[in-house]
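Okay, everyone, thanks for coming.

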Amino acid sequence: MNLGTIGTSWITESFIEAAKESKLLNLTAIYSRNEESAKAFALKHNAPNYFTNIEELAKSPEVKIVYIASPNSLHYEQAILLLQNKKHVICEKPIFSTTKELDHAFKVAEENGVYLFEAIRNFHSPNFTALKEGLAKIGQIRSANLHYLQYSSKYDAFLRGENPNVFSPEFSGGALVDLGVYPVYVLIGLFGKPSSVDYTPVKLRNGIDGSGTLVLNYEDYTCSIQCSKVSQSYIECEITGEIGSLVLDKPSPISKITLVNHKSKQRESLEVIQVENDMLYEIQNFTRIIKESNQAEYENLKELSKVVLTVTETARKKGGIVFGVEKN
């Protein structure tokens with residue numbers, strides 16, 4: 001399928017490289033509001049077309065599927081326009097700012113006979129499958145402690161008084177939706193919807209969360225997630241059961257999984273070899289679902305996106321974090 005992209009950051013470059021590696025998507029068009037950026041990005045990645053008008057991209061007969069990696073608050077309007085013009089859409093996480101946006105976007109996709117996917121690389125990776133299969137070896141689950149703390153390259157600018165998109169409530173930023181979403185996806189992908197959610201954010205000067213602790217409560221256990229864009233962590237993550245524990249290096253990408261038996265202390269490596277750019281796996285899954293018209297798998301992904309966004313939205317509201325799109 002011919003691919004168009006929105007956004008000219010490193011994440012778009014990673015997606016383009018994975019698309020090329022997959023040989024399933026053919027980069028055809030680049031969109032950026034800035035003509036110089038659009039032209040340079042298209043030249044760099046050998047895209048034959050570039051657009052500075054998103055409506056022209058949406059109406060282009062040369063483009064069948066579009067990857068969106070714009071600031072979070074722009075995802076919804078851009079996706080709706082593309083879906084209305086019968087383009088399949090792959091939207092970078094977090095897919096949208098609110099569940100209201102998500103419900104309407106999926107409705108528009110259905111009305112126009114196209115697919116809408118959330119790009120979340122760790123969930124589609126072989127090592128997520130290995131992690132899920134490893135659960136059977138640790139017995140009754142009793143707790144999970146996952147974290148994603150990564151000092152943002154944009155935080156220094158924020159400290160200087162600037163307002164980068166990832167630290168802006170107007171652009172639906174913050175630690176939970178930007179980094180916390182990865183461990184949230186892991187836990188919900190493994191255990192399903194929690195019975196309740198609590199979030200304690202550490203707020204910055206503009207009310208956005210620079211870091212925070214999220215708790216997902218289940219019937220027999222509690223899962224804790226720490227996320228931060230203003231600090232760094234070097235410790236591993238762990239899912240504990242009554243028989244053993246699964247220790248993983250980080251929620252995304254999952255590169256190392258160790259099974260530890262509590263009694264014997266025996267350790268077993270469960271990870272498999274993955275390609276370095278794990279965006280390849282989501283591209284393979286999305287294109288396969290489209291080609292096969294696999295509605296059952298598509299519905300599962302839709303429900304997963306809905307549960308994850310419901311969790312982060314509920315957590316934000318409990319933490320008193322309000323996005324700009326919610327003020328309109």
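I'll go from the whole chain to the holes in it, and then to the backbone.

Ground rules before anything else: this is a predicted model, so local features need pLDDT of at least 70 and side-chain atom pairs count only at pLDDT 80 or more, while totals for chains, interfaces and linings use all residues. Residues are numbered from 1 along each chain as its sequence is written, and side-chain values use heavy atoms, with hydrogens and water left out.

So, the overall build. The protein chain has ten helices and 14 strands; those are DSSP runs numbered from the N terminus, with helices being H or I of at least four residues and strands being E of at least two. Its radius of gyration is 20 Å, close to the 20 Å that the globule rule gives for 328 residues, so the chain is as compact as a globular protein of that length. For the record, that radius is taken over C-alpha atoms, and the rule is 2.2 Å times the number of residues to the power 0.38. The C-alpha trace spans about 60 × 45 × 35 Å along its principal axes.

How much of the chain is buried? Of the 328 residues, 57% count as buried, where buried means under 20% relative accessible area, exposed means over 50%, and partly exposed is in between, using a 1.4 Å probe and protein chains only. The accessible surface comes to about 14,800 Å², and 48% of that belongs to carbon and sulfur atoms. Those areas are Shrake-Rupley with a 1.4 Å probe, and for residues only the protein chains shown count as cover. On contacts, meaning heavy atoms within 4.5 Å: among those between residues at least 6 apart in sequence, 67% join residues at least 24 apart.

Now the holes. The search runs on a 1 Å grid over the protein atoms alone: a cavity is a set of points where a 1.4 Å probe fits but cannot get out, a pocket is an open set with protein on both sides within 12 Å along at least five of seven lines, and lining residues have an atom within 4 Å of a point. Points are joined across faces, edges and corners, and a volume is the space filled by probe spheres set on the points.

The largest pocket has a volume of about 1,200 Å³. It is lined by 37 residues, with S9, W10, I11, A69 and V166 closest to its centre. Helices α1 (10-22), α4 (75-84) and α8 each supply at least two of the lining residues, and α8 gives the most, with three. By class, that lining has 15 nonpolar, 14 polar and eight charged residues. The classes are simple: Ala, Val, Leu, Ile, Met, Phe, Trp, Tyr, Cys and Pro are nonpolar, Asp, Glu, Lys and Arg are charged, and the others, Gly among them, are polar.

The second largest pocket holds about 340 Å³. Of its 13 lining residues, S73, Y76, E77, E101 and V325 are closest to the centre. Here α4 gives the most, with four residues, and the lining splits into five nonpolar, four polar and four charged.

How many cavities are there of 30 Å³ or more? Two. The largest has about 80 Å³ of space and 13 lining residues, with F117, E118, L301, K302 and S305 nearest its centre. Nine of the lining residues are nonpolar, two polar and two charged.

The second largest cavity has about 50 Å³, and its lining includes P94, E118, V181 and S305. Again α10 gives the most, this time four residues.

P94 brings me to the backbone. The K93 to P94 peptide bond is cis, with omega near -15 degrees, and P94 sits in the loop between β5 (88-92) and α5. There is also a cis bond from S252 to P253, omega near -15 degrees, in the case of P253 in the loop between β12 (244-248) and β13 (257-261).

Finally, positive phi outside glycine. N46 has phi near 60 degrees, lies in the loop between α2 (35-44) and β3 (49-51), and is exposed at 63% relative accessible area. S293 has phi of about 50 degrees, in the loop between α9 (279-292) and α10.
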